[in-house]
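Open your viewer, keep the selection panel handy, and follow along stop by stop.

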Amino acid sequence: MDLQKGTFYKAKDGTIILLRYPSKNDSIQLMNLINELVEEHAPIGSNAKVNRKEEEEHVKKAIKEIKEKNRIQFLAEADNNLIGNIQIKRLHGKSMHVGELGISIKKEYRDRGIGKLMMNQALKYARKEGIKIVTLSVFANNYRAIHLYKKLGFKKAGLLKGTLKDKGRYFDEIIMLKNIS
Ligand SMILES: CC(C)(COP(=O)(O)OP(=O)(O)OC[C@H]1O[C@@H](n2cnc3c(N)ncnc32)[C@H](O)[C@@H]1OP(=O)(O)O)[C@@H](O)C(=O)NCCC(=O)NCCS
């Protein structure tokens, strides 16, 4: 996989996806992707929209972390638009062998097998970078994401009662873990 130029894949419904590293030119499209997710109240941790300057800083930091081997991140493009983002962030100190995964896909492109494809590639790269354990946190009612994570071998490792709040409602958070060594 050539991560600078990217590599093409075909999702299960035939959608052609380009997976590649982020570059600083992606800030605006990444900002739009995040802000759309925030607007739809998608089951993700963040609830605040980002502005262009914040996202530019964020992308700059992400590129530095990728170079330092402390982050794996791919963007997915379809139909010449950025439609997905996945990252595995290496933890610090005595948890350097652990990576925390986050993924999001634009609404119209969900349920086409793109999430599975992105996760498989990111996990493959994480293993290459020496990450042994991948963890993630998911809203307990995010059935689609949980289905996908279980399918890829993640196991429930913990339940945090009421640690997430959206639109005035409290939600449980499930911690999942996969050993990839
Ligand atoms: C969660 C997410 C990353 C998954 O990516 P995706 O491309 O939609 O996932 P895939 O198409 O690869 O797989 C989805 C699977 O869930 C299944 N699914 C869909 N809705 C479901 C539901 N309500 N309950 C159970 N399974 C469901 C699909 O059938 C598919 O399984 P299959 O391949 O066995 O048929 C994506 O939907 C997304 O970005 N959602 C919004 C943000 C989010 O939830 N991010 C994760 C935060 S932890």
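## Starting in a loop: His41

Select histidine 41, which sits in the loop between H1 and H2. The labels H and S used on this tour come from DSSP: helices are H or I runs of at least four residues, strands are E runs of at least two, and both are numbered from the N terminus. Before going further, note that this is a predicted model, where local features need pLDDT of at least 70, side-chain atom pairs count only at pLDDT 80 or more, and totals for chains, interfaces and linings use all residues. Residue numbers start from 1 along each chain as its sequence is written.

What is phi at histidine 41? The angle is near 55°, a positive value in a residue other than glycine. Histidine 41 counts as exposed because it has 10 C-beta neighbours inside 10 Å. The cut-offs are these: a residue is buried if 20 or more other C-beta atoms lie within 10 Å of its own, exposed if 12 or fewer, and partly exposed in between, with C-beta atoms placed from the backbone.

## Back along H1

Next, select residues 27–39, helix H1. This helix of 13 residues reaches 18 Å from its first C-alpha to its last, close to the 18 Å expected at 1.5 Å a residue; the expected span is 1.5 Å times one less than the number of residues. Colour Ser27, Met31, Leu33, Ile34 and Leu37, the buried residues in H1. Looking down the axis of H1, you will find these buried residues within an arc of 160°, so they line one face of the helix. That arc is taken from the directions from the helix axis to the C-beta atoms.

Now show what covers that face: helix H2 (52–67), strand S4 (81–90) and S5 are included. Contact here means C-beta atoms, placed from the backbone, that lie within 7 Å of each other.

Select H2, where 16 residues reach 23 Å from first C-alpha to last, close to the 22 Å expected at 1.5 Å a residue. Which residues of H2 are buried? They are Glu55, Val59 and Ala62. Down the axis of H2 they fall within an arc of 60°, so they line one face of the helix.

The buried residues of H2 pack against H1 and S3.

Just after H2, stop at lysine 69, which takes a positive phi of about 65°. Lysine 69 is placed in the loop between H2 and strand S3 (71–78). It counts as exposed because it has 11 C-beta neighbours inside 10 Å.

Select strands S1 (residues 7–10) and S2 (residues 16–20), which run antiparallel and are joined by four bridges. Strands are said to pair if DSSP finds at least two bridges between them. Tyrosine 9 stands opposite isoleucine 17 in S2. Five residues lie between the strands of this hairpin, and glycine 14 takes a positive phi near 100°.

Glycine 158 has isoleucine 175 in S8 as its bridge partner. There are two residues between S7 and S8, and lysine 167 in the turn has a positive phi of about 50°.

S8 (residues 169–179) also pairs in the antiparallel sense with strand S6 (residues 133–139), over seven bridges. Look for leucine 136 opposite methionine 176 in S8.

## A buried loop residue: Phe154

Select phenylalanine 154, in the loop between H4 and S7. Is this residue buried or exposed? Phenylalanine 154 is buried, because 24 other C-beta atoms lie within 10 Å. Leaving out residues up to four places away in sequence, phenylalanine 154 touches Leu136, Tyr149, Met176, Leu177 and Lys178. Try the distance tool on the C-alpha atoms of phenylalanine 154 and lysine 178: they are 24 residues apart along the chain and separated by 4.7 Å.

## Last stop: the ligand

Finally, select the ligand and the 21 residues that surround it, the closest being Arg110, Gly115, Lys116, Tyr143 and His147. A residue is near a molecule if its C-beta atom, placed from the backbone, lies within 6 Å of it. Strand S5 (98–105), helix H3 (114–128) and helix H4 (143–151) each supply at least two residues of this shell. H4 gives the most, with six residues.

Conventions
Two residues are in contact if their C-beta atoms, placed from the backbone, lie within 7 Å.
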